[in-house]
Amino acid sequence: CHLIHYLKLSHHLIVLNYLICTFDKLKSVSSEDIKITDAVFDGVEVRVFEPFAKGDESLKRSVVYIHGGGWALASARTSLYNNLCRIMAESLNAVVVSVEYRLVPEVCFPEQYHDVLRATKHFLQPDVLAEYSVDPSRIAISGDSAGGNLAAAVCQQLSKDENLAIRPKLQALIYPVLQAFDFNTPSYQQNMNMPVLPRYVMINYWIDYFNGNYDLAHALLINNHTALDVGQALSFRGRLNWTSLLPSSFKKDYKPVVQTTGMAEIIQKIPALLDVRAVPLLADNETLQLQPKTYMLTCENDVLRDDGVMYAKRLENAGVDVTLDHFHDCFHGCMIFTVWPTDFSAGVQTRNSYIKWLDENL
């Protein structure tokens, strides 16, 4: 893929996603328990999983789900996410709407965010909920990894939309990526070379999402973009102080990496690094106070562990009811790996815990 990119034949993410989806994309195949259909919500493709009605059953619960993949890979139609959403629909007897937002490099930030926001707001309309027999008071928004980022950002926006009559009851975030301010949190240092999502890969995902230049990767890695002399970052520093937001068991013996002199031009080139629609962890307390009851799943062997833990702590400090579900022996992305040949016990363990919380709270 990188050779093809180097030869300028195509972007390596296009090639990689083509390979993933060619071998793995499924048609909408319904079963005797779940009806699966593809639809378009305000110009955005979605896949809807509907349990068949049983007698005079009342309105159903619902989950709007946003898949992960670094804003660049995977699909609501791949078998891994198709399987997850089908099992959610069956286990919860809920309507699951899986959003097929557009990907990097076709579009970059903020288009993914706008896609998810449009599709979600369309679904939250009373007439659309009625069409799918959904209870307006029992809707969750959820996502994993980059999908967790989009879910958190969209949930923040929905909470502030005065024209919206119906809002999510819950948000459930699975090892979400929530900040690009500090690439040297304890989990980034501890897991910098951890398979599936090493630190440099996550930084490159951010650069691709923002349509930036890979030449900035090293400066980002050492936090030059948020140095003490970068004025644009100063007001956000207190919102992402991991020395006060993380428990000692996570901080261990790691030290903050704070540059005295940095590169303010990075923020000028990529202003989205400080845009809360891209980095929800930087939201102000007034916004956090409006967030619904929250489930946060984190894994020890994951550079993004501390993103989730810090957001959970900030939400808790703002008065939000938060459940932090931390798995000491699990890794980033594990929850979708429940189908042969990648059927890992970590995937089943995290998925069951996540669905159990939704079942008890939605």
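A search of the whole structure, which is a predicted model, finds zero disulfides. Cys299 takes part in no disulfide, and the cysteine sulfur nearest to that of Cys299, belonging to Cys334, is 4.0 Å away. The briefing then turns to the packing of two helices, α4 and α6, whose axes are 10 Å apart.

**Cysteines**

- The sulfur of Cys334 has its closest cysteine sulfur in Cys299, at 4.0 Å, which is too far for a bond, because a disulfide requires the two sulfur atoms to be within 2.5 Å.
- Cys299 is buried, its relative accessible area being 0%.
- Cys334 likewise counts as buried, with a relative accessibility of 0%.

**Helix packing**

- Two packed helices are described by the angle between their axes and the distance between the axes.
- Helix α4 spans residues 111–123 and helix α6 spans residues 146–160; the two pack at an angle of about 55°, with 10 Å between their axes.
- This angle makes α4 oblique to α6.
- The crossing of α4 and α6 is right-handed.

**Residues in the helix contact**

- On the α4 side, the contact is made by Gln112, Tyr113, Val116, Leu117, Thr120 and Lys121.
- On the α6 side, the contributing residues are Leu150, Ala153, Val154, Gln157 and Leu158.
- Classified by residue type, the contact of α4 with α6 comprises seven nonpolar, three polar and one charged residues.
- Lys121 of α4 is part of this contact, and lysine counts as charged.

Note on methods. Residues numbered from 1 in each chain as written. Predicted model: local features only at pLDDT ≥ 70, side-chain atom pairs only at ≥ 80, totals over all residues. Heavy atoms only, no water. Buried < 20%, exposed > 50% of the residue type's maximum accessible area, 1.4 Å probe, protein only. Axes fitted to C-alpha atoms, helices over the stretch in contact; angles between N-to-C directions. Helix = DSSP H or I, 4+ residues; strand = E, 2+ residues; numbered from the N terminus. Parallel < 35°, antiparallel > 145°, perpendicular 65-115°, else oblique. Left-handed = near helix turned anticlockwise from the far one by under 90°. Contact = heavy atoms within 4.5 Å.
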